[in-house]
Amino acid sequence: IDDLNKAFADFKVENDTRLKEVENKDHADPVLTEKVEKIAKDIADIEVMRQQLDAIENSVAAIQVPGGGSDKEKPIYASIGEQLLDVITMGTPGNPNRTDCVAAMERLGKVQAAASGANETVPEEGGFLVGTDEATMLDRGAVSTGLLSQRCFNVTASGDSDSLKLNLIDESSRANGSRFGGIQVYMKAEADTVTATKPKFREAVWDLNDCMGIMYATKNLLKDAGKLTTVVNKWFPMEFGFKIDDLIVNGTGAGMPLGIVGAGCTVTQAVETGQVRSSTKIKYENIAHMYARLLSSSDPNAVWFVNRALLPYIMLMTIPVGTGGAPVFLPPNGAAGQPYMTLLNKPIIPIEQCQAPGTAGDIILADLNEYLLLTKGGIEASSSIHVRFIYDEMTLKWVYRLDGAPLRNKTLTPFKGSDTLGPFVVLAAS
């Protein structure tokens, strides 16, 4: 407001000078007369705008919450839909309702100040930010709708940092002299000495990447704040949650999180001799051998993630007994009872991100406490009337900065035995 007032004052001085120059000339000239009238009208319009800005500044300073306290103690908007309607009001060229524009500018100005620390309320310079309260709601929704992200080892980047560097133990074997990257202790006789050892470290880096969502809202949708709020607050958090879960499972690590399936610390358990997974999707022997390849330290936190289409095969799975078998799923009331959604006392969680039945990654035994998910600042939301201006649509944008990867970078050879172990175990395709 101060900057605009100064600009208006400079403009008025300039036009006053021009006005005097014109008035000193022959007023009988129709061209000069028209210039005089135009300059006078410009000055009058400037005065009106300056008074409106002064009124906004005074009203912002005077607003109080009932019972005391400033209006910063309560949300500026009750919903994201209400805010977007104000954005439309400000962005409509030639809007004749000056009262609505002034009120909308006042509210949007406070959102901008709260979000960016500056009062930048000019939509032509990039659009309006979506309020912090609404963005935080989207952030909470994304985490709560994700089935995997809330189980991970979550870390929040702070300050100006856009990455995380950790010095981790570089361990590939539990054999003597290899534990914790090289630490070893000895039993010694009197007056003897032992060989000095030290741990081996590696540097692991998580670099934040942008996960972005875009939505175009039509003019008809924007007429109803309630409908718009429902669409934004329900579907976008669910989509962010789904995408993050998919990255945790299937991410390549190139410009995105590294997923479990392609991680170096993930164990791939071979199928049984003669087993063809295209027909025999899963056997109880697969389950037992996958469980044997899990790190002992991951046992308390591990769960089964499966493609939902694999459930019939799991429910009908039997433990071989002689020439027959005993069912693995045995509810108290038979088929009428609720199935035990556990295997070896570990929860079975169906997720869409697992691969199709018969494919590596259709069933995963995982301890997600061994997966570090780095995020920063929650979901950043913004809006613009300009990107789809010729289509009469509002553009909404959300950006979530994140990265993820397992804490380990390789499988582990046990102290006794040769079969490698890991915090994540998948069943091979064949």
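Begin by selecting Asn-307, which is buried, with a relative accessible area of 14%. The model is a predicted one. Asn-307 belongs to the loop that runs between strand S7 and helix H9 (311–315). Show its side chain together with the backbone of Ala-309: a polar atom of the Asn-307 side chain is 2.8 Å from the backbone nitrogen of Ala-309. Next, display what Asn-307 touches, leaving aside residues up to four places away in sequence: Ile-351, Cys-354, Gln-355, Ala-356, Pro-357 and Asp-362.

To find the pairing in the viewer, select Leu-365 and look across to Val-425 in S15, which stands opposite.

**Helix H8**

Now select helix H8, residues 284–292, and colour Tyr-284, Asn-286, Ile-287 and Met-290, which are buried. The four cover an arc of only 155 degrees around the axis, which puts them on the same side of H8. In general, an α-helix has 3.6 residues a turn, so residues three or four places apart point the same way.

What covers the buried residues of H8? The cover includes strands S6 (266–269), S7 (303–306), S8 (318–321), S10 (342–343), S12 (363–366) and S15 (424–427).

Ile-319 has Ala-326 of S9 opposite it. Two residues lie between the strands of this hairpin, and Gly-322 there takes a positive phi near 60 degrees.

**Two residues in the S3–S4 loop**

Move to the loop between strand S3 (163–169) and strand S4 (201–207), where Phe-180 is placed. Most residues other than glycine have a negative phi. Phe-180, however, has a positive phi, near 55 degrees. Its relative accessible area is 41%, and Phe-180 is partly exposed.

Ala-191 also sits in the loop between S3 and S4. Phi of Ala-191 is positive too, near 75 degrees. Is Ala-191 buried or exposed? With 78% relative accessibility, Ala-191 counts as exposed.

**The nonpolar cores**

Finish inside the protein. The largest nonpolar core has 33 residues, and the ones with the most contacts inside it are Ile-248, Ile-260, Phe-305, Ile-364, Leu-368 and Trp-398. At least two residues of this core come from each of the following: strand S5 (209–218), helix H7 (225–250), S7, S12, strand S13 (371–384), strand S14 (393–406) and S15. H7 gives the largest share, seven residues.

Another core, of 21 residues, lies apart from this one; among its members are Tyr-284, Ile-287, Val-306 and Leu-310.

Conventions: Residues numbered from 1 in each chain as written. Predicted model: local features only at pLDDT ≥ 70, side-chain atom pairs only at ≥ 80, totals over all residues. Heavy atoms only, no water. Buried < 20%, exposed > 50% of the residue type's maximum accessible area, 1.4 Å probe, protein only. Arc of directions from axis to C-beta. Contact = heavy atoms within 4.5 Å. Pairing = 2+ DSSP bridges. Polar contact = N/O pair within 3.5 Å; in protein donor to acceptor, adjacent residues only side chain to side chain. Core = buried A, V, L, I, M, F, W, Y, C linked by side-chain atoms within 4.5 Å.
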